[in-house]
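Below is a short report on selected local features of one model. Take the structure first, then the notes.

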Amino acid sequence: MQEFYEFICNIAERLRRNQRMGHRFKYLEYLKKYLSVNKGFCPPNSEPKFVFGSICLKMQKNFFRTRIAPTPSGFLHLGHAKTFLETQKIAKENKGQIVLRIEDIDLARCKKEYISQIYLDLKKIGIVWDEGPDIGGKFAPYMQSERKNYYWQIVETLIKKGFAYPCSASRAQIKTEVKIPARTFNFCDAENIFPINLRPKKFEMPDSPKECNWRFKVPENRLIEFADLKLGTQKFEAQKDFGDFLIWRKSGEPSYELAVVADDIAMQITDVIRGEDLLLSTARQILIYEALNAEIPSFTHLGLLLNESGKKLSKSVLVNETGNSFLIKNLPSDFFKDAQYRWLND
């Protein structure tokens, strides 16, 4: 059944390139027939309406753009290599473009030595990008630390639309007020649900708004569903799986959720490909896309590499282990020729 699904996707890709509208509608009906009749033609645990919607979205696009977006808070490891190589494979299959974006908004953790090593590591494993900080492009700058004014403009838009509010609650206060227990997931750590009663009923714009924490107002009783092109249909409940989340910190920095959505919109990213540990983040980010009336990209979440203890590889653990064999910089280039074959032909 998976082979048939891939066959259908190939037809959709051919259709996307076909400029003759008569053929387009013919294939459209063909896809609708098979994807709506039998769930077995969809990826595991998927629903036809979401798969069909995702394929139709791909058909409407005239291009494929994805991004590789490392954070220079530590040295890259084998988990990054696997994700980036799979991303490049998918991009090549779709005759797409790859954007290299350095996500260095956390200036306290990000270091220049890690940035310079990123370029070396990516070239070592065979990654080639079409745009990036080192070669430029029409959507520059590609360093998030150089895009803060743009992020604040997005925050202001969300404030004006009523989707964001200032939050002065401390961590201790939030912990005390938490009433909904955090749900656990096998792909990421659980989080406490921000108490709705700590939202301000009304607020005036602070004198120094950039020096405040701002949260996104997550709706209640909302089921967020999306088609993951690898894992199938994903479903998350707002205010049960996650609550109001930060989009701007009083330190003057955007949150990860805000920055990546803002950049993916600005850089015309059509396909987000990343590790499955970010599935819950995708649910949050979809709400931001909707609030901005922006087109939501396709999502593909990839399996993670685990260490000997069964936990995902983490830069926080490997950062100081300069001799660690999990770090890309400590491995010979020949290693990745064999690794590519294993990872990309599973």
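## Helix α4 and its end

Just after α4, Lys 95 adopts a positive phi of about 50°. Helices here are DSSP runs of H or I with at least four residues, strands are runs of E with at least two, and both are numbered from the N terminus. This is a predicted model: local features need pLDDT of at least 70, side-chain atom pairs count only at pLDDT 80 or more, and totals for chains, interfaces and linings use all residues. Residues are numbered from 1 along each chain as its sequence is written, and side-chain values use heavy atoms, with hydrogens and water left out.

Helix α4 covers residues 78-93.

## Asn 324

Asn 324 sits in the loop between α10 (315-318) and α11 (333-344). It counts as buried because its relative accessibility is 12%. Its C-alpha atom is separated by 9.3 Å from that of His 77, 247 residues apart along the chain.

## The open sheet

An open sheet has 4 strands in the order β3-β4-β7-β8, with antiparallel pairing (pairing needs at least two DSSP bridges between two strands). Its edge strands, β3 (164-167) and β8 (253-254), each pair on one side only. β4 (residues 213-216) and β7 (residues 245-249) pair over 3 bridges. Trp 214 stands opposite Trp 248 in β7.

How values were computed:
Buried < 20%, exposed > 50% of the residue type's maximum accessible area, 1.4 Å probe, protein only. Expected span 1.5 Å × (residues − 1).
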